[in-house]
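Me: I would like to understand how the labels used for a structure follow from the numbers behind them. Could we go through some of them slowly?

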Amino acid sequence: MIRQKIKKAGLLLVFVLCAWSGYAQVPSKPVDAFTLRAGYNHNRDKNTAFLGGGYLVGDYFWASATFYGGVHYLKYDGRHRIVPEIGADFHAVMVMAGLSVTPCSVQPKVGLSILSIANVTAGYSIPFGREQLFKGFTLGVQFQLPVINRK
């Protein structure tokens, strides 16, 4: 019984080491570009569409940072609203973390990132001010496409 567990642990270790050495061979591409950013967010009973621009710098696969600004469009209390947002996202391999600020909330977030182009995030909106449009847990999907390369 103990021998089987040791064999399984040894096989798992060999598998992980082989996978890691293959993972280290992934070719990567540096990036320094302005991007078009579009997304969808869900917060409590609100669905918002996001459109904006950003600046992506770093490396598509290993590590990059995105600084962005844009607007959320939503319908709330029977009125159409436009809410500006600025933020920064940091990507490392396939995980990301970020912070965004609107006139009515601050939102730290974490998630998964595919080549710094597609992100799936979960965050928590901390409201401030009179109007609390965003409050509580938030789920989102964002896409950013490089449109102008600086190099």
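Me: Why is Phe-34 called partly exposed?

Reply: Phe-34 has a relative accessible area of 37%, and since buried means under 20%, exposed over 50% and partly exposed in between (1.4 Å probe, protein chains only), Phe-34 counts as partly exposed. Please keep in mind that this is a predicted model, in which local features need pLDDT of at least 70 and side-chain atom pairs count only at pLDDT 80 or more, while totals for chains, interfaces and linings use all residues. Residues are numbered from 1 along each chain as its sequence is written, and side-chain values use heavy atoms, with hydrogens and water left out.

Me: What makes Ile-82 count as exposed?

Reply: Its relative accessibility is 57%, so Ile-82 counts as exposed, because the limit for that word is over 50%.

Me: Why is the pair of Phe-67 and Phe-90 called edge-to-face?

Reply: Rings of Phe, Tyr and Trp (its six-membered ring) pair if their centres lie within 6.5 Å, and planes under 30 degrees apart count as stacked, over 60 as edge-to-face and the rest as tilted. The centres of Phe-67 and Phe-90 are 6.1 Å apart and their planes stand at 85°, so this pair is edge-to-face.

Me: How do you know that the charged end of Arg-37 sits over the ring of Tyr-68?

Reply: The term requires NZ of Lys or CZ of Arg within 6 Å of the ring centre and within 35 degrees of the ring normal, and the charged end of Arg-37 is listed as sitting over the ring of Tyr-68, 3.9 Å from its centre.
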